[in-house]
Amino acid sequence: MRTLVLNAGYEPLAIVSFKRALVLVMNDKATVVERVEDDPVWGTHGVYDRPAVIILARYVRVPTSRRVPVTRRGVLRRDNHRCGYCGKAASTIDHVLPRSRGGADSWENLVACCLRCNNVKSDRTPQEMRWQLRFTPRPPHGTAWTVRGTERSDPRWEPYLALAA
């Protein structure tokens, strides 16, 4: 069981175990916002609500220079699993400027791509193919990208993750 930790300004900070969340609550460093119904935590000194979402009592400054590492899964997620060229369902990634021509593994040079477009394009540029990208690839932004584990989110987290997007 995992717990979403919100900063004092309600932006998502992290996902921790319910045990860590309970320690934060018991030390008055956080407050339970959402709890798991009918599944209390039994301790030696009483019964406690099992936290699903907690909010910190004090604001924690998060460095804005936190860069999101480039991954295949991240590129597909950023592009909503849609091909950057034709818009169909994508299962691969493509280098806009091919690696054979010095293209880097960067957010600006990678797009999600369907298998057909990836094979047809090969090691050419979109200009050589007379293709247009449907969008300009950029690094992802927002706290939802820096908080790991939101892909397997609890339905109780949705309203709080939606605020960050």
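## Overall architecture

The secondary structure of the protein chain comprises six helices and six strands. In sequence order, these elements follow the pattern β-β-α-β-β-α-β-β-α-α-α-α. The model described here is predicted.

Of the 165 residues in the protein chain, 39% count as buried. The chain exposes about 10400 Å², and carbon and sulfur atoms supply 50% of that area. Among contacts between residues at least 6 apart in sequence, 60% join residues at least 24 apart.

Strand 1, covering residues 2-6, pairs with strand 2, covering residues 12-17. The pairing is antiparallel and runs over five bridges. Within this pairing, Leu4 has Ile15 of strand 2 as its bridge partner.

Five residues lie between the two strands of the hairpin. In this hairpin, Tyr10 adopts a positive phi near 70 degrees.

## Cysteines

The structure contains zero disulfides. A disulfide requires two cysteine sulfur atoms within 2.5 Å. For Cys83, the closest cysteine sulfur belongs to Cys86 and lies 3.7 Å away, so the separation is too far for a bond. Cys86 likewise takes part in no disulfide, and the nearest cysteine sulfur to its own, that of Cys114, is 3.7 Å away.

Cys83 is buried, with a relative accessible area of 0%. Cys86, at 35% relative accessibility, counts as partly exposed.

Terms used: Residues numbered from 1 in each chain as written. Predicted model: local features only at pLDDT ≥ 70, side-chain atom pairs only at ≥ 80, totals over all residues. Heavy atoms only, no water. Pairing = 2+ DSSP bridges. Helix = DSSP H or I, 4+ residues; strand = E, 2+ residues; numbered from the N terminus. Buried < 20%, exposed > 50% of the residue type's maximum accessible area, 1.4 Å probe, protein only. Contact = heavy atoms within 4.5 Å. Areas by Shrake-Rupley, 256 points an atom, 1.4 Å probe, with all protein chains shown as cover.
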